[in-house]
Amino acid sequence: MRRALGVMCALACLPGASAFAQSAPAVDVAVLGAYVRDSQPMNMKGVVVSAAKRLSGPVSIVGEVGRHSGTSEVTLLLFPSRTITLEDTELGVSGGLRFGGGSGAEVRTFAQILTGWNRRTFNGANPAHTWQLQPELGLDVNMTEAVALRLQLGWRYLMTTSSYRNEFRLATGVAFKIGG
């Protein structure tokens with residue numbers, strides 16, 4: 001796992017590293033629609049808002065807040081002809097580092113690793129609080145100097161013993177670049 005994550009980060013940073021000869025955005029703010037699938041499987045849709053501040057070269061610090069929700073039909077073991085609907089809501093707050101993502105190119109790639117807090121609620125009750133680890137790869141396609149379309153693909157591991165601890169997330173939306 002560590003080796004695969006290291007290779008993903010290195011590959012994502014290569015195209016962006018040469019672009020740092022030109023100016024990279026000092027800050028970017030993104031609003032993304034997201035689709036999450038966990039290992040139960042439960043399908044959830046939601047929104048992610050993130051902000052990143054460049055530290056130096058290809059390294060930025062990132063903060064992110066996401067909320068996702070979904071429903072699934074569950075068959076009762078004792079009554080196989082009956083089903084119930086479960087509603088699942090998830091709130092995550094995380095932060096970490098982003099590598100790559102230089103500007104000036106039409107397409108910018110990046111990798112980020114985030115960790116933080118996750119709260120998952122089933123049917124509006126019994127919230128489960130846990131830590132999460134979330135590596136992601138991203139792609140920005142510049143529309144103008146200040147606006148890019150963003151695509152992110154990530155895996156989130158919830159540090160819990162529950163069956164839903166592995167999640168995959170696909171997010172798309174708009175990133176606004178501020179400063180140079």
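1. Aspartate 38 and arginine 120 join their side chains in a salt bridge, with N and O 2.3 Å apart; the term is used here for a side-chain nitrogen of Lys or Arg within 4 Å of a carboxyl oxygen of Asp or Glu. This pair links distant parts of the chain, since aspartate 38 lies in strand S1 (residues 27–38) and arginine 120 in strand S5 (residues 107–122), 82 residues apart. Strands are DSSP runs of E with at least two residues, numbered from the N terminus. Both aspartate 38 and arginine 120 are buried, that is, under 20% relative accessible area, where exposed is over 50% and partly exposed lies in between (1.4 Å probe, protein chains only).

2. On the basis of the values: this is a predicted model, in which local features need pLDDT of at least 70 and side-chain atom pairs count only at pLDDT 80 or more, while totals for chains, interfaces and linings use all residues. Residues are numbered from 1 along each chain as its sequence is written, and side-chain values use heavy atoms, with hydrogens and water left out.

3. Arginine 120 also meets glutamate 167 in a salt bridge, at 2.9 Å from N to O. Here too the pair links distant parts of the chain, with glutamate 167 in strand S8 (residues 166–178) and arginine 120 in strand S5, 47 residues apart, and both glutamate 167 and arginine 120 are buried.

4. Another salt bridge is formed by arginine 169 with glutamate 136, whose closest N and O atoms are 2.6 Å apart. Arginine 169 belongs to strand S8 and glutamate 136 to strand S6, and the two are 33 residues apart; both of them are buried. Through shared partners, salt bridges join Asp38, Asp88, Glu90, Arg120, Arg156 and Glu167 into one network, and the search of the whole structure finds 12 salt bridges.

5. A cavity is a set of points, on a 1 Å grid over the protein atoms alone, where a 1.4 Å probe fits but cannot get out, and lining residues have an atom within 4 Å of a point. The second largest cavity holds about 40 Å³ of space, the volume being the space filled by probe spheres set on the points, which are joined across faces, edges and corners. Its lining includes Glu64, His68, Gln132, Arg156 and Arg169, and S3 gives the most to it, with 4 residues.

6. By class, the lining of the second largest cavity has 1 nonpolar, 6 polar and 3 charged residues, where Ala, Val, Leu, Ile, Met, Phe, Trp, Tyr, Cys and Pro count as nonpolar, Asp, Glu, Lys and Arg as charged, and the others, Gly among them, as polar.

7. The largest nonpolar core has 6 residues in all, namely Ala30, Leu32, Ala34, Val48, Ala171 and Ala175; such a core is a set of buried Ala, Val, Leu, Ile, Met, Phe, Trp, Tyr and Cys residues joined through side-chain atoms within 4.5 Å. S1 and S8 are the elements that give two or more residues to this core, and S1 gives the most, with 3 residues. Among the residues that leucine 32 touches, not counting those up to four places away in sequence, are Val48, Arg150, Gln152 and Ala171, contact meaning heavy atoms within 4.5 Å.

Notes
1 Å grid on protein atoms, 1.4 Å probe; cavity = no way out; pocket = protein on both sides within 12 Å on 5 of 7 lines; lining within 4 Å.
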